[in-house]
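Q: Could you take a close look at the charged and aromatic side chains here, and walk me through who pairs with whom?

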Amino acid sequence: MIELDFSKYGGLIPAIAQDFRTGEVLMLANINPESWQETLATGRAVYYSRSRKRLWRKGEESGNVQLIREILVDCDGDSVIFKVEQIGGAACHTGHRSCFYRKVDGGTLGETGETVFDPKKVYNKQ
């Protein structure tokens with residue numbers, strides 16, 4: 001079993017999702033022991049959502065899942081990088097490919113990426 005140090009940060013550790021082909025950083029989320037074990041068992045990214053206070057199986061609502069291609073663990077065992085294949089084109093709930101679609105430029109914050117899907121159509125299904 002691969003042990004990580006969940007004793008810091010309130011039982012959560014940061015997990016960076018990175019495109020395994022391009023190296024583009026897609027998102028930053030948190031994992032707990034349960035999401036870590038499920039990620040290892042299924043080969044799909046599973047996070048812990050602080051806002052929902054439960055496991056978050058990436059793509060469970062949007063269909064934009066992340067297939068694990070490689071996992072890197074830092075020297076202290078308290079953060080990981082998931083190198084993923086992003087299925088569905090977007091990692092961000094805003095509809096952008098990456099959550100890091102905004103750039104600081106001369107004291108202003110501007111968008112650098114296009115949206116891949118309309119979040120209102122994906123998340124507000126009635």
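Which residue lies over the face of Phe-20?

A: Arg-69 does: Arg-69 sits over the Phe-20 ring face, 6.0 Å from the ring centre. (For a charge over a ring, NZ of Lys or CZ of Arg has to be within 6 Å of the ring centre and within 35 degrees of the ring normal.) Before going on, a word on the model: it's predicted, so local features need pLDDT of at least 70 and side-chain atom pairs count only at pLDDT 80 or more, while totals for chains, interfaces and linings use all residues. Residues are numbered from 1 along each chain as its sequence is written, and side-chain values use heavy atoms, with hydrogens and water left out.

Now the charge pairs. Side chains of opposite charge can pair when their charged atoms come close. There are 9 salt bridges in the structure, each one a side-chain nitrogen of Lys or Arg within 4 Å of a carboxyl oxygen of Asp or Glu. One of them joins Lys-8 to Asp-78, with the closest N and O atoms 2.8 Å apart. That pair links distant parts of the chain, 70 residues apart: Lys-8 is in the segment before β1 (13-19), and Asp-78 is in the loop between β5 (66-73) and β6 (80-86). (Strands are DSSP runs of E, at least two residues, numbered from the N terminus.) Lys-8 is partly exposed at 32% relative accessibility, whereas Asp-78 is buried at 6%. Here buried means under 20% relative accessible area, exposed over 50%, and partly exposed in between, using a 1.4 Å probe and protein chains only.

Asp-19 and Arg-97 also form a salt bridge, 2.4 Å from N to O. Asp-19 belongs to strand β1 and Arg-97 to the loop between β6 and β7 (102-105), 78 residues apart. Asp-19 is buried at 8%, while Arg-97 is partly exposed at 24%.

Then there's Glu-61, which meets Arg-52 at 3.6 Å, N to O, in another salt bridge. Through shared partners, salt bridges join Arg-52, Arg-54, Glu-60 and Glu-61 into one network.

On to the rings: the whole structure has 3 aromatic pairs. (Rings of Phe, Tyr and Trp, the last by its six-membered ring, pair if their centres lie within 6.5 Å; planes under 30 degrees apart are stacked, over 60 edge-to-face, and the rest tilted.) Among them is Tyr-47 with Phe-82, tilted, at 5.9 Å centre to centre and 35 degrees between the planes. Tyr-47 is in strand β3 (residues 46-49) and Phe-82 in strand β6, so this pair ties together parts 35 residues apart in sequence. Tyr-47 is buried at 0%, and Phe-82 is buried at 0%.

Definitions and conventions. Helix = DSSP H or I, 4+ residues; strand = E, 2+ residues; numbered from the N terminus.
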